[in-house]
Every structure is written in structure tokens, then in C-alpha cells.
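Let's walk through this model together, starting from a single residue and widening the view step by step. Please have the structure open as you read.

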Amino acid sequence: MSQPSSSAYERLRAATARLAVPKEVLATAAATPGDPRPGQIWRAVWDDVVEIVAITAVDGVAVFALPISLEPRFHDSQTLLLPASASTLSQPLALWCGLARRLPWCVLDRQVSQLSVQLDAKGSPAPTATDYRYGNPIPSSAAQVSEFRAVLADTMDVLASAHWAPQGSGNLAVLLKQRGLGPADLIQHLGIEPPRALAVLRALTPLTPREAGLLAPILGLPLDDVLAANPPLPDRLVHELSRPARRVQIRRLAQLTGTAEDDARQQALFATLVLAARQERPAEADWPARVDRFFDVHLSQGGQR
């Protein structure tokens with residue numbers, strides 16, 4: 001999705017692009033990303049949308065974040081204005097507290113800095129903080145700041161709605177039964193082994209995108225509808241592949257396979273699930289270790305081509 005056009009926004013982006021980048025920021029951005037923590041400043045990326053955000057809280061599968069601009073000239077009455085000393089960016093910051101959103105981990109790309117001012121989940125400074133102030137109300141809807149704020153709000157909405165894993169309804173077994181498809185049919189149409197065919201029929205494992213594509217014309221449904229009928233995906237596995245540390249591996253896989261980032265992420269998910277389904281207790285799988293193994297194999301194989 002493309003960033004909404006805005007003359008005020010583009011002028012600000014051009015100005016910030018000329019700012020000198022402190023060594024601390026370069027070192028933080030170059031390091032392997034860890035899990036997000038409150039007080040960190042991250043670059044968030046999804047499709048063509050890029051934004052700098054401050055993390056105020058982490059709930060395990062998502063973060064609460066505020067958009068940041070590096071030019072305090074634009075603000076509203078809910079914008080927290082901080083001096084250059086408030087972060088390792090060494091630039092005055094405008095934190096748009098009124099535009100806070102709950103963002104999925106998968107949009108977090110790189111940590112770029114750290115705030116020295118402690119904030120609560122809504123972005124309010126700790127009672128002991130003193131070196132800050134709030135902005136002024138927007139004078140009118142025609143003001144440049146109003147245009148700028150609208151672009152920030154659209155950007156945060158895009159980031160908040162990002163998702164990559166199909167939401168399984170669990171109706172696949174019913175669909176297959178309604179069409180009269182049994183184990184022999186799945187073996188024939190999908191080229192899979194009998195144990196996997198039985199697991200699919202019993203809703204113990206999902207169809208991969210390739211398998212769903214083969215079944216879609218037989219079921220008379222679009223590919224996305226077949227994937228949406230899969231059993232619900234393991235939350236822990238989806239979260240593992242949404243972690244910022246996995247994004248470097250996913251991008252490398254996408255580069256090697258000539259696919260989009262989301263497609264590479266789904267490839268890793270379904271390949272990991274297929275292997276786990278061969279175990280007696282896939283629900284107890286060590287997903288981080290299994291994802292590690294997937295990337296170790298596929299990225300090393302890709303590097304040998």
C-alpha cells in the first residue's frame with residue numbers, strides 16, 4: 001500500500017533525511033533485532049509504508065506504539081514534545097500520543113534508538129519527568145499540521161491492520177466431506193502420503209498454499225477461501241515468525257526464492273507445520289527450535305546455489 005501523498009509530510013521527510021545519524025543509532029540499527037520493549041524507538045515497515053514509532057507497552061503478541069516525527073514544528077495538543085537529550089537520536093522529538101495504535105510484531109523492522117524519558121502505555125511521562133511539554137491545538141482543518149496529522153493517522157492504521165497468516169476457521173474437514181473427498185482423493189490430487197491425507201481429513205494439520213491451490217478448483221472455491229477453511233494455526237508459531245529477529249531470515253528466504261516477504265513467511269510456517277504434524281504430539285512442538293531448523297536448512301541450501 002502506498003503512503004498517502006502530502007506536501008507537508010514530504011517536506012518533513014526530506015528535511016529529516018539530511019540529518020546526521022549518531023553513531024549510537026547506527027550501531028543499534030545494525031545489531032540483530034531483539035524483542036521489543038517499552039521505551040524503545042523502532043522503524044515500522046509494512047508494504048510501502050514506513051514510520052518511526054515509540055514503543056510504550058508490549059502485551060506478548062502486539063505492541064502499543066506512538067508515531068514520532070523528528071521535527072517538533074508540527075504538533076497538536078496531545079503531542080509530547082521532547083528535547084534532543086531525550087533519546088540517542090539527539091534530535092528534538094514529537095510523539096503523537098493521540099495517534100497511538102496497537103501494532104502487530106510483524107511490522108517491526110529495526111530498533112533505532114532508546115528513550116531516556118519513561119512513558120506509560122498511553123505515552124504520558126512518568127511523574128518524575130520534567131524536561132518536556134505538550135503541543136498546541138491545531139488551529140484549523142486547513143492548516144498544514146492538520147494534513148500532516150492525517151497522513152500519520154493513515155500510516156498508523158495501515159500498520160495496525162497488518163497481518164500475514166491466514167485466519168483458519170476449521171471448516172476444511174466439513175468442506176471435504178461435503179464434496180465427497182476421502183483419503184484416496186487427497187492422495188491422488190495432492191500427491192501426499194496416506195498419513196498426511198488422514199491428518200488433513202481429521203483437521204489435525206492445515207493444507208499448504210500449494211495444496212490449497214490444487215484443491216481450489218475441485219472444491220469450486222477461490223484459493224484464499226480454501227486457506228481460510230484450514231484449522232486455526234498455532235498462535236505460538238505465528239508469533240515466532242512475527243518476531244523482528246525472524247524478519248532478516250524471511251527477507252533472505254524471499255530473495256532466494258524470488259517471492260514476496262509474506263509468501264516467504266507463509267512458506268516457513270507451513271513447512272514447519274508439515275514437519276511437526278509427523279510427530280506424535282505436534283501441539284507440544286518446540287516452535288522456535290523448529291523454525292531455526294527450517295531456516296538453517298533452507299538458507300544454507302539457497303546459499304549453495
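Thr 272 touches Leu 237, Trp 287, Arg 290, Val 291 and Phe 294, not counting residues up to four places away in sequence; contact here means heavy atoms within 4.5 Å. Before going on, a word on the ground rules: this is a predicted model, in which local features need pLDDT of at least 70 and side-chain atom pairs count only at pLDDT 80 or more, while totals for chains, interfaces and linings use all residues. Residues are numbered from 1 along each chain as its sequence is written, and side-chain values use heavy atoms, with hydrogens and water left out.

Thr 272 sits in helix H11; helices (H or I, at least four residues) and strands (E, at least two) are DSSP runs, numbered from the N terminus. With a relative accessible area of 2%, Thr 272 is buried, where buried means under 20% relative accessible area, exposed over 50% and partly exposed in between (1.4 Å probe, protein chains only).

Now for the core. The largest nonpolar core has 55 residues, and Val 107, Leu 269 and Phe 295 have the most contacts inside it. Helix H11 (residues 261-277) supplies the largest share of this core, 6 residues. Such a core is a set of buried Ala, Val, Leu, Ile, Met, Phe, Trp, Tyr and Cys residues joined through side-chain atoms within 4.5 Å. Beyond its neighbours within four places in sequence, Leu 269 is in contact with Trp 164, Leu 233, Leu 237, Val 238 and Leu 241.

Ser 242 lies in helix H9 (residues 235-242) and is buried, at a relative accessible area of 9%. Leaving aside neighbours within four places in sequence, Ser 242 is in contact with Trp 105, Cys 106, Trp 164 and Arg 265.

Finally, let's step back to the whole chain. The protein has 12 helices and 8 strands, and 45% of its 305 residues count as buried. Of the contacts with a separation of 6 or more, 68% are between residues 24 or more positions apart.
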